[in-house]
Amino acid sequence: MPSNAGAKNTPLYDVSCEYNYIDTTIFTSDMVTYITFKAGATLEYANQKYEDSSALEAALEFAGTLRSSDYSEESFSALSDLVEEYSDFENMLLTQDDVDEMTAEILTAISDLVPYLKLRTVYENGTVSITKDGQPVSTKYTSALSGTPITLTATPEEGYIFNGWYELTAKRIFSTSSTYSFNLTTNLSFEAQFVPTGSATLTFTNDTGQIVDTVTKTAQEWANTSSLTDLLPEVPYKLGHTGGQWSYVESDILYALASGTDSYISPSYNTSSFVYPEIPTPVNNKPVSNLTFSYNETEDIGSFIMAAGIPQELDVEAIGVAFYKGKKETFNPDSYILNINNKSLVSRFDGRESDGLYIVNVHSFSVKNNWCARGFITYREGNELKTHYTNQINVTNTTQNGLRRIIPRSIIFEDSEGGIDMDYDGEEL
């Protein structure tokens, strides 16, 4: 309230209040009328106490579920300090702006957590060695803080050659070099693929390069192969398209394989009627992105579509969509803030050959689970590793009148001019 109410003879002349706030509910209406009359002014700060603290309560509750052992000590301590400071907010004199600012601070601290991530390797017909930040690892499994330098080295057994580092979740070859160095920014499961010396591999991919199936034979075996028909896998689903078929010239493929040259086959589709989201424009040399969801009830396939505007000069480390799922009886995605951690599944892309759209198709959406998904772009800014996130899509499975219903909702966690936005959009499909 003002330091004086306009007249020195008013009882409010020497009254002041910390945070420039007063709860006028302590006055009766007669007292407010009297004060206003004597001071010749209006109590402008009436009814300034916050009205909605649900976002702050949800952020505090979620922060309380996180474990210190899953994150770096420094980043977790920063979050813990805020939680301790704001946990008693109900006994503070706060405006709505104060509450929104506190919510934004906690959400930012959650986003800034540096997680321990998992790395797993599997292999046959060879061996794999791992170094983590320059130190050797003696097992097939390890964990490290996000951003830790990793080097994988594959050594084939006699009679085999190394073919590539195949990531089991993304279903992509990340590198064909026997020594592969990278910074760990998501959970990864690599299969070191070793193939017989003198063999050739036929790889079937979808239109984005994701591997659908592979067939490896010796050159002589390929020379004895007269047709590819029996080797063709099912044509992969493509959002909004029909009439997919494998596109190849059989004689050319068989000739290359019989010559010992690896070959690739990808599908073609009829024209799509699906309206894809527009690619946003980067702002201030920062990525801008949005995640949407489409469900094909006939095929029981859920598609997560990330549209990302990425500055050309951005030093990108990883692009993908992170997922978390849980049994619908116990997991409420609306109470979960999905950031990359050691529990999230991640489907990654090769951003170098993208038109700005990144699509993940999830087959056989289990009626037993609820899902949440969030796109991400991890990049370097100087020596600092940063992750930009999209909005979060929550997918809830319900059953009504014996029929299954999938309800997608979008949540936005971001700073806005008025504080923190946590918007929910969506409809029953």
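Trainee: How are H3 and H4 oriented, roughly parallel or roughly antiparallel to each other?

Mentor: H3 and H4 run roughly antiparallel, a label for angles over 145 degrees. Keep in mind that this is a predicted model, where local features need pLDDT of at least 70, side-chain atom pairs count only at pLDDT 80 or more, and totals for chains, interfaces and linings use all residues. Residues are numbered from 1 along each chain as its sequence is written, and side-chain values use heavy atoms, leaving out hydrogens and water.

Trainee: At what angle do the axes of H3 and H4 cross?

Mentor: Roughly 155°, and the axes of H3 (residues 73-86) and H4 (residues 96-111) come within 9 Å.

Trainee: Which residues make the contact?

Mentor: Leu79, Leu82 and Tyr86 come from H3, while H4 brings Met102, Glu105, Ile106, Ala109 and Ile110; contact here means heavy atoms within 4.5 Å.

Trainee: Switching topic, how many aromatic pairs are there?

Mentor: The whole structure has 19, counting Phe, Tyr and Trp rings (for Trp, the six-membered one) with centres within 6.5 Å. One of them is Trp165 with Phe190, edge-to-face at 6.3 Å centre to centre and 75° between the planes; edge-to-face means planes over 60 degrees apart.

Trainee: Are those two, Trp165 and Phe190, buried or exposed?

Mentor: Both Trp165 and Phe190 are buried, that is, under 20% relative accessible area with a 1.4 Å probe, protein chains only.

Trainee: Which residues do ring pairs link into a cluster?

Mentor: Phe162, Trp165, Phe174, Tyr180, Phe182, Phe190 and Phe194.

Technical notes:
Axes are lines fitted to C-alpha atoms, for helices over the stretch in contact, and angles run from 0 to 180 degrees between N-to-C directions. Helices (H or I, at least four residues) and strands (E, at least two) are DSSP runs, numbered from the N terminus. Angles under 35 degrees count as roughly parallel, over 145 as roughly antiparallel, 65 to 115 as roughly perpendicular and the rest as oblique. Rings of Phe, Tyr and Trp (its six-membered ring) pair if their centres lie within 6.5 Å; planes under 30 degrees apart count as stacked, over 60 as edge-to-face and the rest as tilted. Buried means under 20% relative accessible area, exposed over 50%, partly exposed in between (1.4 Å probe, protein chains only).
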